[in-house]
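Subject: A structure for you to look at

Hello,

Here is the structure I promised you. Please open it next to this email and follow along.

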Amino acid sequence: MTLEKARQLLKVQADFGGFYNANGAKLILAEVSREHGQEAVDGLIRELELERIFGFQPGATFDGRLAG
């Protein structure tokens, strides 16, 4: 997945907010992490304000697991 595509998908998740969309965002960030590394994940978290919306912190590891 390109970073631009990830950015578009994350914007949709962020616009809706909520638990299910947070899980969708985690799956997208896990894919970004595998393909582009932690720096790309941290950049998207900051750029899209995912810390404020979902509580995601730069430096957090996203491995594809959903919240329990």
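A definition to begin: accessible areas come from the Shrake-Rupley method with a 1.4 Å probe. By that method, the protein has an accessible surface of about 4,100 Å². Carbon and sulfur atoms account for 52% of that surface. Keep in mind that this is a predicted model.

Now the fold. The protein has 4 helices and 0 strands. Starting at the N terminus, the order is α-α-α-α.

Next, the overall size. The C-alpha atoms fill a box of roughly 25 × 25 × 20 Å along the principal axes.

What about the inside? Of the 68 residues, 38% count as buried, which is to say under 20% relative accessible area. Take the contacts with a separation of 6 or more: 57% of them join residues 24 or more positions apart.

What do they pack against? After helix 3 comes Glu49, with a positive phi near 55°.

Last, the charges. The protein has 8 positive and 10 negative charges.

Best wishes

Note on methods:
Residues are numbered from 1 along each chain as its sequence is written. This is a predicted model: local features need pLDDT of at least 70, side-chain atom pairs count only at pLDDT 80 or more; totals for chains, interfaces and linings use all residues. Side-chain values use heavy atoms; hydrogens and water are left out. Helices (H or I, at least four residues) and strands (E, at least two) are DSSP runs, numbered from the N terminus. Buried means under 20% relative accessible area, exposed over 50%, partly exposed in between (1.4 Å probe, protein chains only). Contact means heavy atoms within 4.5 Å. Lys and Arg count as positive and Asp and Glu as negative; His and the chain ends are not counted. The place of a charge is taken as NZ of Lys, CZ of Arg, CG of Asp or CD of Glu.
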